[in-house]
Amino acid sequence: LSHKSTSGINPLMRVEGLCKRYQQGEALAVNQVSFTLQPGEILALLGPSGCGKTTTLRMLAGFEHPESGRIFLHGQDVTELPPQKRHIGIVFQDYALFPHMSLLRNVTFAMRHVPTHQQEQKAMEWLELVGLAAYAKRHPHELSGGQQQRVALARTLAAEPELVLLDEPFSNLDAALRESTRKEMRALFKKAGTSVILVTHDQAEAMTFADKVGVMQQGKLIQLDTPQQVYQHPATAFVAKFLGHTNLLQGLAQGNQAQTPLGAINLSSSVEGEVHLSLRPEDLTLSASDDPAAARVVDREFRGHDYLYVLEQDGLQYCAITPSHNYFEIGSHVAIQSLRQASVLPSSNH
Ligand code: ATP
């Protein structure tokens, strides 16, 4: 499985109709999941707790056997291969370090491909990357959970696999460290041309870290596309809601416009008849209004860089996000305007 055997056209991994059921008679934990992963691509599997993300990852790694479906690496069927024969780097949430070894030894252990006399120096570089070079002589029990997680990452990276599977790898890190580690890791993977599949329930993490986001719901992969596409053109109401706040509206469409309770709104595509729309709160603007029939501010959340408003108009609720300097009192009236086109949700899936 050498990096050089891949051409840009052949996917690194192809997954076809993967299914997994833990117990006879129970629902499928993973239901017909199919996707391809290109060399160097970073994919995030995103979804709520229990939707089948970890089970999917465990099947890709070879720790779980699928009930049906196939997994191909470089076109070779690896569905029946044990984990160690798949040459995949794995960092699971509970991935244990060797307790009796120093951090440095934990990392050099993964470096059999590197000449012995270079191992320590290289291992130090990996530890440097995760910000733990100063602790190289310590043992795992002398570290916090987040630090242990970073050593596990360094150890996996040190093996220089062409595909890395990450299960919530940043979960033990505090907000600031999570953001910087995420950035550095992404840059590192991109530089090395490493493909990555990341499992997370954090939509911000999925969107900032990955080239493609696969949204899962009850075992199924609902939508797989770029972060921009899944955010701006969600395939279903579930996807729209899972990726952030949204306004789900009904309307009557004619061409590129729909009549909705918020007035006429432009659409992302041309349709006729009854439509279901998703409109992001940051795409709405608010302006103070004297009209008692205008929307009323019922709640307001200060979020630092912006306010999240909850508004009520004609018995329906809406949310809008405005920059912090746009301030409206609770109880005051505002006119709601849509700046952007609303995305049309396929009517069978709302
Ligand atoms: P989380 O984010 O909470 O880790 P997940 O999306 O990774 O969730 P999975 O862990 O893949 O979800 O679980 C999918 C479904 O399979 C769940 O309903 C879960 O209860 C079930 N499940 C997972 N592992 C097992 C197991 N070892 N035995 C039986 N059922 C299991």
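## Domain arrangement

In this predicted model, the C-alpha centres of domain 1 and domain 2 are 33 Å apart. Domain 1 is made up of two segments, 3–88 and 161–241, while domain 2 spans 245–349.

## Contact between the domains

Eight residues of domain 1 and nine residues of domain 2 take part in the contact between them. On the side of domain 1 that touches domain 2, helix α8 (residues 237–242) supplies the largest share, with three residues.

By class, the residues on this side of domain 1 comprise four nonpolar, three polar and one charged.

## Packing of helices α3 and α4

Two packed helices are described by the angle between their axes and by the distance between those axes. For helix α3 (residues 116–129) and helix α4 (residues 145–158), the axes come within 9 Å and cross at roughly 135°. An angle over 145 degrees would count as roughly antiparallel, and one of 65 to 115 degrees as roughly perpendicular; α3 and α4 are therefore oblique to each other. The crossing in which α3 passes α4 is right-handed.

From α3, the residues that make this contact are Ala123, Trp126, Leu127 and Leu129. Their counterparts on α4 are Ala154, Leu157 and Ala158. The contact of α3 with α4 has seven nonpolar residues, with no polar and no charged residues.

Key: Residues are numbered from 1 along each chain as its sequence is written. This is a predicted model: local features need pLDDT of at least 70, side-chain atom pairs count only at pLDDT 80 or more; totals for chains, interfaces and linings use all residues. Domain bounds come from an automatic or database domain assignment. Two residues are in contact if their C-beta atoms, placed from the backbone, lie within 7 Å. Helices (H or I, at least four residues) and strands (E, at least two) are DSSP runs, numbered from the N terminus. Ala, Val, Leu, Ile, Met, Phe, Trp, Tyr, Cys and Pro count as nonpolar, Asp, Glu, Lys and Arg as charged, and the others, Gly among them, as polar. Axes are lines fitted to C-alpha atoms, for helices over the stretch in contact, and angles run from 0 to 180 degrees between N-to-C directions. Angles under 35 degrees count as roughly parallel, over 145 as roughly antiparallel, 65 to 115 as roughly perpendicular and the rest as oblique. A crossing is left-handed if the near helix is turned anticlockwise from the far one by less than a right angle, and right-handed if clockwise.
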